[in-house]
Every structure is written in C-alpha cells, then in structure tokens.
Amino acid sequence: MIEFQGVSYRYSSSEENVLKDINLKIAQGDWVALLGHNGSGKSTLAKLMNGILMPTKGQVFVNGVLLNEETVWEIRHEVGMVFQNPENQFVGTTVIDDVAFGLENMAIPREEMESRIDESLKVVGMTDYKLQEPYRLSGGQKQRIAIAGVLAMMPQVIIFDEATTMLDPSGRKELLETMKYVREKRDITFVSITHDLNEAVWADRVIVLEDGAIWFEGTPQTLLEKRESLQSTGLRPPFVAQLTDELRKNGITFEQQPLHHKDLVKQLWTLHSKT
Amino acid sequence: MDITFKDVTYTYQPNTPFEHLALNQLNFQIPKGSFTAIVGHTGSGKSTLIQHLNGLLRPSEGTVSIGGFELTNEKNKQIKALRKKVGMVFQYPEHQLFEETVKKDILFGPKNFDVAVSDDQLLKVIDMVGLEPEILERSPFDLSGGQKRRVAIASILILEPELLVLDEPTAGLDPLGQKQMMELFSQLHRKQDITVVLVTHQMEDVLAYANQMLVLENGRVSLKGKPIQVFQYKDYLRQIGLDIPEVIEFLEYLEKETGLAIPYRGQALTELGTSIAKWVKDGDA
C-alpha cells in the first residue's frame, strides 16, 4: 500500500538529514504505529506519505504509484490525515458542514454526500452532534469529527499525526476507542504516529524511529520485550510492561508478553488456577 | 506563600444574559511550601481560579490572600509587586516567545520589573531548566518544542518567584520530556522551597508529585486531601469526568476479575509485583 525506497529527507534550513535511507512497506489493511520521541523524524515520515513533503532522496510509492508533483493530488484522495491540534482543523460552522467540506471540494453529488456524511458520523459515534457548533465540542469529540471528515472521503489510508497528543487522558481514551471501532467497521490502513505506547499496543505492527533511522520494526509484543533498551529512545514502557517485569522477577513466567490490563489479568488468572 | 480563598465568587459578564458563575463561594487554603494539584474537568473553574493567583482576575465577592497581599473586588495598587512573586506558566508557554534571542526573551520579564540580572543568574537559570549556555544567543524559533518550553520556563524562573503556578505544563511533550519537566518542578519545590500549584489532567503526576489535591466541580471544591486519599473516591471522580491513576485502575480491575484485593497505599511496583506473584503461586497474597 505504502512503500518507501531509500528515502532521506533534509529540511532546507538544516545540513543534517532528519530521515536517513528509510526502507519500509505498509500493507493494505495494516495498522502500523510509528513511534519515536520529539525530533526523531516520525512526523516528517508521515508528511512524506501524502506528499506534504517530497523526499530529498529516494522514492515513495502509494498503491504502486510513484509519488511526485503530478500524482500528488490523486494520491491525497487515497491518504487522509488527522492532525495534532483539534483546534486547527475546523472550517465549517456546524459539525455537518465541516464533514461535508472535503466532499464539496470533490464535487460529489448531494445525495451521495448525505449518505457518506451520515455513515461517517455514525462510525465515530457523533450522529447526535450533527448540528452542533464545533467550538462547543471537547477535544476528543473534535478529533472524532476530524476522523469523520476524512472517512467521508473514503481514503484507503488514514494517517493520525499525533492525533491524541494534545488531548487529556479521557479524550485520548475516547479517541483510541473510536479508532479501534473504525478499524472493525472499515477495511482501512491506519498509520498512527504517537509517543504513547498504550496507543501503539493496539497496532498490528510497530516501527520505532530513532535519530532518523528505523530502530525497531515488529509486533508490539516484541517491542515490549525489549523494554530495557526502549528507555534509550525516550519512550516509557507502559504500566502493564513494568508490572510484568516485576512479576517476572518474582518467578512468574508468561506465555507471551501481556499488552494491556485485560491481557495481563487473564494470564495471571490462568497461572493462578493451575496451582 | 500561603494562599487563602475566603468565600470567593467569580461571575463572568454579570448582569447580562451571558452571566456565568465560575467560582461559587470557594474556600480553601494552600500552605506555603506545599505542592498542590488542582483537578477538575473542562469548565469546572480551574482556569478562573488560577487567574486569581496573580490578580489577572479580581474576585466578584470574597477575599484572596497570597502571602501578604489581599485581593478583593477593589483595585489593588500592589498588583505589580504580587506579579513579581508569582510565576505563571500557562499552557503552551512557548507560544509567548517573541524575541530575537533566547537571552533577550529571558531578560524581558526582569526589564519590565526593573530588575537587574547578572550573567551568573542567567547561566544559573539556564542550567536549572537543563539547557546549555550556548543556547542564549540562538533564536528561540530554531529550537525544538521541548527546548522552547524550557526557555519559556526559564524566563519565569529568572524573577525568582515564591509561588509557581503551572497550567498543564507537560501537554504535548513526549514521555521523556514530560518526566524531565515534572522532575524540574519537583526539584524547584524541594530545593528552592517554592510553593507550587499545578493544574493538570495527568493523574499519574498528581499521585507522584503533589502532597495536596483539590478537586473542583461547578466552581466549588468538592474533595480535598492527600492524592492517595482523594483517589479512593474512584466512582465519584469518574462520574465527574476525571481519570484515575492507572495503578489504582488496574488493582480495581484485578479484584473484579479474580477476587484478589490489594488496597493501594502508595506501594511501589516492586511491592505490588511481589504481592501479586505470591497470590499466583500460593493462592493468596
């Protein structure tokens, strides 16, 4: 779906490459979490996926099409983006206007527009807020509307560029639940850029960037097993991984690395029942 | 600086159709030298409250005492002297940087208060926030997000405040940056004996750093105490839209699913690991 071949990127104001010879493939229907601390290059990588930036060296392919000045508009229909600041992505005066905005630009017939808007608002659970003014919504709700706006365009990929970073913890949970639900309902590729490992554990695959290069690529389980070296990348092992460590020190052997509360408690219960 | 709110009420746009009661007969005390966290969902009155701490807002009714200063509905001529002693770190303070160099930005506050700053003081404050002296001559706009925020905080610390008011100071930083920032405030609190008031949604930080916690709801203090005591009221906190620290949430879930009850008294993870492991192996904790 998305492929990077030897991609490097350098901002014109700087002499150093922020991305260094990146090779990666993201398959259709995958949920890939892109992790790294501030300044690791993860947002730059995301911006290269839909042509907001063009590589200094190397090539980016979306759906087999080489991303360049000529194909960028066509590719942007396929790759939607939800940004960090919920305040900065509203254009409409009501929720419904806002979701309609992208469709109006694509000259979609009215009837189809309406059904797509309804569908999208339904998936993010915001149907009841259709006629609300966006400024009255909470941060989490605003981001859900932003997702609805992107969904209505029916892209094949959605990039979440630190979409949860500016939210408070309950907003973050709410958005994550929405993301999980959307994934169940629609066959869409997700790329979520984050520094929150609690968010990344829900992805199929995790890529950790460090200093502009790929430092790790694999499942969330394998990443959490590397937790000691994880600290060096500025990421904090989630609570569950830390507690799992303490349990291991006390002689508990886990069948596989627990990812979240439910997973950990289930494994503990099974172990307890065996004794 | 001791802080006392006595029957403080604040009304936005009084006598208009938009009249809104943000603080409602608020009473509480924050002792000098404490680290107090104020929590509450959006609209509970947190921002209105902290704007009273340096006289950005004056109470509609009641009295706010801060150190030797008294703030009422009357205009107070000492407000500038108060503002010198109260450092306010607003959300995303880096948005307030504007000078050509970091040095000029840090010296802007002292200039306004006619305070002379020696190079030694400047270097000390830069070191305090974990930056290198070379940064002083750089443009604040060429810095990373985390560095910018440190500069903004340095420009507040340079005035040597006695009270530091922090509004969501770690929002938007990565986990390492968040931890470093909180450690910095905790150090200032311990070593320089600064009174800290922290407004936050990060309950983990409240549990780790605060020695007192106020919960605001509808412009009133609905709970007050040590964080560990306040977090016992899990159901109430959830009901008013607040989070519970993850460790407490986990122990609650563990009990619900397995019947294993481990009351949380602030144990380190090491101790929790031992208790849970014992239960797994022996059948009881």
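Predicted model: local features only at pLDDT ≥ 70, side-chain atom pairs only at ≥ 80, totals over all residues.

Visitor: Okay, where does Gln141(A) lie?

Guide: Gln141(A) is part of helix α5 of chain A, and, leaving aside residues up to four places away in sequence, Gln141(A) touches Met126(A), Tyr129(A) and Glu174(A).

Visitor: Is Gln141(A) buried or exposed?

Guide: Gln141(A) has a relative accessible area of 15%, and because the cut-off for buried is under 20%, Gln141(A) counts as buried.

Visitor: And how far is Gln141(A) from Ala203(A)?

Guide: Their C-alpha atoms are separated by 22 Å, the two residues being 62 apart along the chain.

Visitor: Let's switch to the two chains together. How many residues of chain A and chain B are in contact?

Guide: On the chain A side there are 30 residues, and these are in contact with 31 residues of chain B. Between them the two chains bury about 3,000 Å², and 63% of that area is on carbon and sulfur atoms.

Visitor: How many salt bridges are there across the interface?

Guide: The rule finds 2 salt bridges between chain A and chain B. One of them joins Lys173(A) to Asp243(B), with the closest N and O atoms 3.0 Å apart.

Visitor: Which helices of chain A supply at least two residues each to the side that touches chain B?

Guide: Those are α6 (169-185), α10 (239-249) and α11 (261-274) of chain A. The largest share comes from α11(A), with 8 residues. Taken as a whole, the side of chain A that touches chain B divides into 11 nonpolar, 13 polar and 6 charged residues.

Visitor: Can we zoom in on Glu246(A)? What does Glu246(A) touch?

Guide: Glu246(A), which is in helix α10 of chain A, touches Leu269(B), Thr270(B) and Gly273(B), not counting residues up to four places away in sequence. The relative accessible area of Glu246(A) is 12%, so Glu246(A) is classed as buried.

Visitor: New topic, strands. Which residues of strand β6 of chain B are buried?

Guide: In β6(B), residues 86-89, both faces are covered, with Val86(B) and Met88(B) buried on one side and Gly87(B) and Val89(B) buried on the other. β6(B) pairs with strand β7 of chain B, residues 163-167, in the parallel sense over 4 bridges. Within that pairing, Val165(B) of β7(B) is the bridge partner of Met88(B).

Visitor: What about Asn15(B), what is its phi?

Guide: Asn15(B), also not a glycine, has a positive phi of about 60°, and Asn15(B) is found in the loop between β1 (3-12) and β2 (20-30) of chain B.

Visitor: Buried or exposed, that Asn15(B)?

Guide: Asn15(B) is exposed, because its relative accessible area is 77% and the cut-off for exposed is over 50%.

Technical notes. Residues numbered from 1 in each chain as written. Chains lettered and ligands numbered in written order. Heavy atoms only, no water. Contact = heavy atoms within 4.5 Å. Buried area = accessible area lost by both parts, 1.4 Å probe. Salt bridge = Lys/Arg side-chain N within 4 Å of Asp/Glu carboxyl O. Nonpolar A, V, L, I, M, F, W, Y, C, P; charged D, E, K, R; others polar. Buried < 20%, exposed > 50% of the residue type's maximum accessible area, 1.4 Å probe, protein only. Pairing = 2+ DSSP bridges.
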